[in-house]
Structure formats: structure tokens, C-alpha cells
Amino acid sequence: MTKLDLSRRTVVGGLAATGVAMTAGTGSAQGAPVKVGELNSYSRMAAFAVPYRNGMQLAVEQINAAGGLAGLGGRPLEIIYRDDGATPGDAVRVAEELVTRENVTFIAGAFLSNVGLALADFANQKKVLYLATEPLTDALTMGSGNPFTFRVRPGTYMQTKMLVDAAKSKGVKRWAVVAPNYEYGQSAVAAFKRLMGAAVPGFEVVAEQFPALGRVDAGATVGALAQSRPDGIFNVLFGADLTAFVREGNTRGLFERRTVVSLLTGEPEYLLPLGDETPDGWIVTGYPPEQVDTHGHQAFVTAYKAKFNDTPRLGSVLGYVVPFMIRDMFNKSRSTDTAAMMEAFKGLTTQTVCGPVTMRAIDQQSTLGAWVGETTLKGKLPTMKNFRYVDGADVMFPEAEVRAARRT
Amino acid sequence: MDFSFFVIQALSGLASASALFVIASGLTIVFGVTRIVNFAHGSFYMLGAYMAVTIVPWLLEFDRSPTLFFVGVLASAMVVGVLGVIMEVVLLRRIYRVPELFQLLATFGVVLIVQDVVLKIWGPVDITGPRAPGMRHGVEILGQRFPAYELFLIFVGPAVLGALLLIMHKTRFGVLIRAATQDREMVGALGVNQAMLFTGTLFLGAFLAGLGGALQIPRLPANTGMDLSIITEAFVVTVIGGMGSVPGAFIAALIIKMLEAFGILIFPKITLVLVFLLMAVVLVVKPWGLMGKPEVASGRAVLPEGILNLKGFSRNETVVWVVLTLALLLVPILGDTYKVKVGIEIMVFALAAFSLNLLIGNGGIVSFGHAAYFGVGAYAAGLLVTGPLKAPMELALVAAPLAGGLAAALFGYFIVRLHGIYLAMLTLAFAQITYAIFFQWVEVTGGDNGVVGVWPSRWAATREVYFYVVAVLALTSIVALRHLFYTPFGYTLRAARDSANRADAIGIDVKTHRWLAFIVAGAAAGLAGGLYSFSKGSIDPTMISIAMSIDFLMMILTGGIQTVMGPLVGTAVFHSVKDFFMPLTDFWRFFLGVSIIAIVLIFPKGVVGALEGLRERMGRRAPSPTTPPAVARETA
């Protein structure tokens, strides 16, 4: 197998790199590329996955222009993109193809949670490293977590906790919740009830609605929520469901004089389609690309705009961050051996355009955070105001809970 | 529940019902006349919305008037109507003579193509259309605000219904539509230009779908998931109302949306399954839908669409199949692990497809929900292994066919009482109900995340060994199923398919035989599902989804339902095509769709059907000098 070959090169590369490891950055990468297999729903979930791939391509370009993977003797990083068919069945087959035919060093990606979980289990079974970039489900790092699976994006619990931390001071007690009827929606609601219940005495949920994903009957749903006369609304709908819900709610006055807390709604993927109907003052998690000015973020935004003639989405920034994490991992592992890569990821800190991101060892969840703020319209452009970056490290599952969940 | 809320909720239900009816009416008309189960109807709906978010804002640039808004909406619907005509002329017209199921296959190809074309033209981001000028506001009703646009929508449905009834009863075109709905052959025999009639019908159908989509833009953003989100609902409406019945569709849409508006108050998660529950209940009670009539043709002896002449293997064929089997068995020795993986999948799907063809090709029982039994088998196996029992793989693989067979026995009991498209839709309804159960029962099934950790026993853990486990089980099952075709049981099923009445008259218990076939097929699919779950390592509801059922249909249709072995070839071809295009391009659905349509146009009897046709022609042209042709064909 090529693995032997790789490790021999790695030794040579490692020796060569010891001298120049951290000073690398001059000249472009050379040698055989180090392949990483990336699968995602580029076809079915194109709105998220294509900006994500753009972000990755930009980062890989920059990494290779700056000398490639110093830890592997300056070899260039190559990401091989594959459609995962948006079903676990297809995804596992494609992963197999990447591992056996393309000889990738490890696999990354997936957007849908069930695809991510299937890949994680595949990784566990085949002893392949899997870097889950986008799936949100908490199971990935908790109950179904395994030593081979690392997750980048803040999961459902983390994002919900960010919102609860931002909203609990309002002291609202009567809540209505609306969420798409699948795991993500159910978990978010469960986390919300649990965290809000602990933070606000007298907290109660007076109405719950779980429309089927992509098929919300907005009128009936808004009517059912309004009927319960809540003081606050927790929304987990996104995409077309969200737009329909917002329009209906705006016309019927559902959001007037109510605190609305909404998961992911600040992400440009979901916020931009709301257009001039963007409600003012919803507390959301998201990403305001043009306003973030820390950690050289605007340089990324400029480069992205120049290359793709489009503003970055949340997918873009996530996609941009990941290859740098991969680079740093290789620089630390100095090997493409799975065990070495796993060891390298644990506790690895990467400087990113969002700030430092550490891969927490205990649950193999990164501390990448998200921006929490309020929705608003700037001219005609929906965006966020009063936002701040919440470091993922502040909202992770307590270590005791992780230990209990992962001990199986 | 106070009165004002009741009124508002009812109005919401009416508005949604009205919108749904506009879409479903087109579907029911097209089905009534052409007998085509037009999957592309949802695509027309989506195109209507995309056209509208393109045309309407452009028009509103000139003047923000309600008139221009509706001009834009109608223009969008017209464009979509023209697209419907193009589909009819370019595609459907060529395949009216092929089995009805093939037309379904072709329209599904169109669905795949449109999905990627829309993605290419309009991009992946949802496009939010403008609100209707003059109808942005809410109207105060009993102290609650209700959107003016939805008040308007409430009247659109009845208006469209009125217009359609007028067309149906007062114009020649409408009279012909009604006549063709009642008896298509008779209309043709009377010298009516069917081509024109069908083209006109497709225009009307696509126009209504486009109108439905365009009218949605003030409520919904145009998005790439619209087609599939509406198509099943539209089908359900037409089936509950009675296929071909426009007033029936209206009543069905009303019932569904009213039940939904109030149902969600008691069961907040009901939207997932409500329509299918309702459809199942209606079909069990009223086999032809609320206002449908038994098909005239259902009592008539028509050339069946399945296996006609049952032939054994000729010597050459035996050689070919033995060689193929041996080649397959050599895959783990000669091929790489990925080939082994693909080989496993093809064998598993081949078994599922073969069992489906026992129903469709041999029994005339068209199932749109075969994934239900496949999925039940997969879940039974997966849950046994991962659940509290921690059973071994061997036990799970025994349980899988039992579970599949049990589910088939339960659902089949109701299903085999129906006929034709209604039967097909009931299979779909049961499949969706099964899907909803596994989707919703999170504590046991893990919901949509499914359950992971379904791996083979230690001795079969390597891919190669598991390949042979699958090979032994799948191939023996296929051989056993194939044997069934040749037994008296197989002949009885075909008799019941070709003429239920005559079969009944000579003392065959038609229902019981069909039920037994359903159970056998369900068990085989269940075994396939169990084998599949161990090859993937996980189970999740996509294994029961409509998409999976459609994949199975595609496989047997690609191979040809008129042949016994066709489904096996079809599975290999379909899977290979998909596997070929998926790594190649983001637009793999486009190429899959084009391949499907190409297969329909080039091989209207499926790949194997075409091969057999070719062989027969060759045989006729150049009869072997030693054996007379008749004898040759008998032994062939």
C-alpha cells in the first residue's frame, strides 16, 4: 500500500522540516500532494455547501502558495471533493471510494446530521479519521462520539446555549417554540427548555409546533403560536420555512412586543433571503461578514470577494477555517498515520480568522464559536447588530456530562 | 378555544387548501386524460415560482400595481404551460405506447433534470419574491389580523374550480377531456386527434402547476426543494378526491388543509404523516377515492404490462448467467475493496428489485412503496443488533425477512383489495406511514439520525467475507424467487393479473394469491434491507423514503418488467450510472435524469426487453438451418 511509502516520505519530510518548520512560508509547496477526502451535499444543499467549498478552495490555495504543509516537507494539501448524495447510504459508499481509490489520508465534511453520524461510525469501523465539519447534532461528540471523529462547527447545544445566555437576562417566562420536525429541531428545543428552565425561574413553554421540514404551513403555525399568547418565541426554523414563517408572522403581528430568539437565523444563508422583511431585534446566532474586523477577518472577506465575486456565507468562513486546522494538524503530526493524526488533533490550537480555535480533547469538539447578536436591516441589506463573537469554549458541554455520555 | 381564533385558523386552512387545489387540479386532469403519473408536476410548480420571482419584480419596476403583479403571475404560468407542451411533444408523445410505468420513469427523469437546471440558472440560494402590491397588510377580522393576500387566495381556488368546470362542460376541448378521462380508447376510436388533445391537456396541467407556484411567491421563497415537497401532497389530493375528478380534488384539498390547521393544535408533529394517514383511510374505505369512478378499462382485457411469455433459459443464456455469476463471485479476489462494496450494494438492490418485479411484472401489483419492507427489514436487523438484545448478525438476518414479511402481510391485506393507481398510492401511503413511525419514534429508532454500529459479526467483518455472505443469501433468494415465477403459483398470479374476473371464475382466490405474493416479496425485500444495513453500518429513515422506493422502480424499469431477469440487469445499470456520474460532477442528477430518459426512449421495454426483442428479430431473419424457428423459440 501507499501508506508505507507515505510514512517513509514523512520521515524524510519530517527531518527536513525540523529546521524550517515554523519559518516555512516562503516559496510554494512541492512534492506529491497530501490528499484529504471531503464529502458534502453539493447538489442537495448547494446553498450552504458551495460557499463552503469556495472557502476551502481559497484556504488551500493560500496554504500551498505559502509553502504547503511544513510538517510533511512542504508537500501541498489537496482536497478531493465528492457529493455525498445527501443520504447516509450514498455517503458511506463515497467515503469508501475516497479511502480505497483516492487513498486519502482522512475524510472530512458532511452537512446533514444523519450523514455525519453514519460517516463517524464508518470511520470508527474502518479506523479512518473523520473531521466532521458541518453536522450540528450533539450525538456526534456525545452519545455516538468515537475516537476517530472530530467536529469543527459548534453543535446544536452550543449554539442554543449562546442564545440562552444572551436572552435569559430579559426574564421572559412564557415561551412558544417552533422547530422543524427532525433531530436538529427536537434537540434544539430540548436544549432550550433545559437551559432556559435552569436560568429563568418560572420558565414555561405554552405552545410547541413541529412542522415537517420544508413543508411548514405558515398560516396555521403562526395562528397556533399566537393563540397561546406567549411573551417569547424560540424559533429553530430555517431556509424556506423561515422565510414563510417570518412573512406570515410579520403580517399577523406575531412578533410584535415579543422577544424572539432564533437559532442560525443570523447566518447569511438564511438571513439574506428574508430581504426587507427581516425582523428587527431578533436575538440570533449567525455571522455578519462585512462587520467582523478581528483576527484579520476583513482580509479574508476581501480575498473571498475578489475570487468568487460574492460575499462570504457562514459556510465560506467555516470552509476557510478548516484547511488551516488541517495544516496545523499535519505540522504537528508530521505523519499521515491515522493514530498520529488523531493524537495531533487533540488539543490542537489554530489561529483562524475567527480567533484561536482549539480541538478539545475530551469530546473532540472544536472551540470555534459563532456571533450572537440581533437582526436588523442596514439599508436594504439584512445583517446583525450589537453582536459579539462567543467563543465556543464558553458554551461547551460540561466535562462531567461528556464523560457520562461517551462512556459506553 | 375562542371563536375568533377558530375563525382565523379556519381561514388559514382555507387559504392553504385553495393554493393546494390549484396545483392538484392540474395533476388530476393530466392523469385523467393521459393516465400518466406525472412526477414532473412538482417541477412545473417549482418552475412557476422561479419564473414568477424573475418576471414579477421586473414588471413591478414599471409600476407597483396589483394588475401588473397578476399579469406577471399569469405570464409565469403561461411560460410553464409552454414547458409542459414541450415535454409532451419532445418526450411523452414518443412513449404513449410503452407501458404506463415507463412514462412515470420518464417524468421522473424530467424531475431530476429540472432540479439541476434550476440550480444552474437561479442558483442555490432561496429567492424571495415580492409581496402582492396592495395586499401586504393584514385585515382585522374579529380582533385578529389576517393577511389580505390569503383572503384573496381563498377565492382563487373556487375561481379556478369554476373556470375548470366551465371549460369542462362548455368547450369542445373540455368535453374531450372528460370523454378521454372516461374512456381513452373510445375517444381515439371516434377519430379525435389525440395528439392535440394530449398536448392541450399537458398545457393546462402545467399551466395550473405553474400558476400554483407563481401564486406562492408572496408566501414562500422560490427554493430548490419545492418540487418534492409538493408532489406527494398533490398526489394525495388527487387520489383522495378520485383520480381525474376536479371537484374531488377540491374537496380533498379542503379536508386535508382543514384537518392540518386544527390537527397541529393537538398533535404538533402531525404534518409529517397526516395526509398519508388520511389517504390510507380513504382508500381502505372508498377504493376509488371520494369522487372517482372505477376505471372503465379495469374490467376490460388489455394487454398486461408485465411478463408475457415465460421462457426458461436457453443453453446460451444459461452459460451467460453462470459466467456472470462466477465473474461476480470473483470480484473480491480480483477487484479492489471499493468494487467489493459496490458489488455488495448491487446484489442487495438486485434482490429488492427482483422481489418488486414479482409483484409488478408478474403480479401486476404496482408498488410505489417497496422501500417500506426493505426499511422494516433493515430496522429489524439494525435494532436487534444495537438494541438492548445485542443479538448477533445471524439472528438479525433471520429476523429481517420475517419483519419485512410481517409488515407486508399487514399492509398487503388492505393493498391487494385495490386496483391500478389506487393500489399503487396505497402502497405509497403505507410506506410513508412506516417512514413516519420510524422517523418519529426517536427513543427506539433514533429518529432521522438513525442508529449506528450495525456491523457484521466478527467472522464476517471483512468486506470480502461479508461479500460472500451477501452473495450466498441474495443469490439463493433470487434463484428461489425466480423459481416461483415458474411454479403454478407464478402462473396463477399472472392469470389474476391478466384478468381478475376470469381467474376468479375458474376458482382462483385472487386476493389470497396476491396477498401471498406480497408477503413473499416483502420478506425478500426485508432480507435485502437487513443485508444492506450491515454493509452500511447504520440504519436511518432514508432507507424507507419515497426516493428509495423510486430507486427500486427505476431499477426494474431500466431492466424491463416484461422479463424475469431484467431487474437484475437494471439494478446493475442504474447503480453503475449513478456511481459513475456522482463523483464526476455536482450536476449528477442532471446526467442521471438524461440517462433515464435515454433508456426510456431507446429501450422502451427496458434493457433486457430490448435484448430479447433484438434476439427474436435476429432469430426470425436468420433462422438456424437445422432447427425450425418455432421450435427454436419454444426452447429459447
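Strand 8 (residues 232-235) and strand 9 (residues 259-266) of chain A run parallel and are joined by four bridges; strands are DSSP runs of E with at least two residues, and helices are runs of H or I with at least four, numbered from the N terminus. Phe234(A) has Val261(A) in strand 9 as its bridge partner.

This is a predicted model, in which local features need pLDDT of at least 70, side-chain atom pairs count only at pLDDT 80 or more, and totals for chains, interfaces and linings use all residues. Residues are numbered from 1 along each chain as its sequence is written, while chains are lettered from A and ligands numbered from 1 in the order in which they are written.

In chain A, seven strands make up an open sheet of mixed pairing, ordered 7-6-8-9-10-14-15; two strands pair if DSSP finds at least two bridges between them. Strands 7 and 15 of chain A stand at the edges with a single partner strand each, so one side of each lacks a neighbour in the sheet.

Helix 3 of chain A is mostly covered, with 12 of its 13 residues buried (20 or more other C-beta atoms within 10 Å of the residue's own, C-beta atoms being placed from the backbone). Among them are Asp90(A), Arg93(A), Glu96(A) and Glu97(A).

The contact between the chains takes 60 residues from chain A and 55 residues from chain B, residues being in contact if their C-beta atoms, placed from the backbone, lie within 7 Å. Elements of chain A that each supply at least two residues to this side include the following.

| Element of chain A | Residues |
|---|---|
| Helix 2 | 46-65 |
| Helix 4 | 113-126 |
| Helix 6 | 183-199 |
| Helix 8 | 239-252 |

Technical notes. Contact = placed C-beta atoms within 7 Å.
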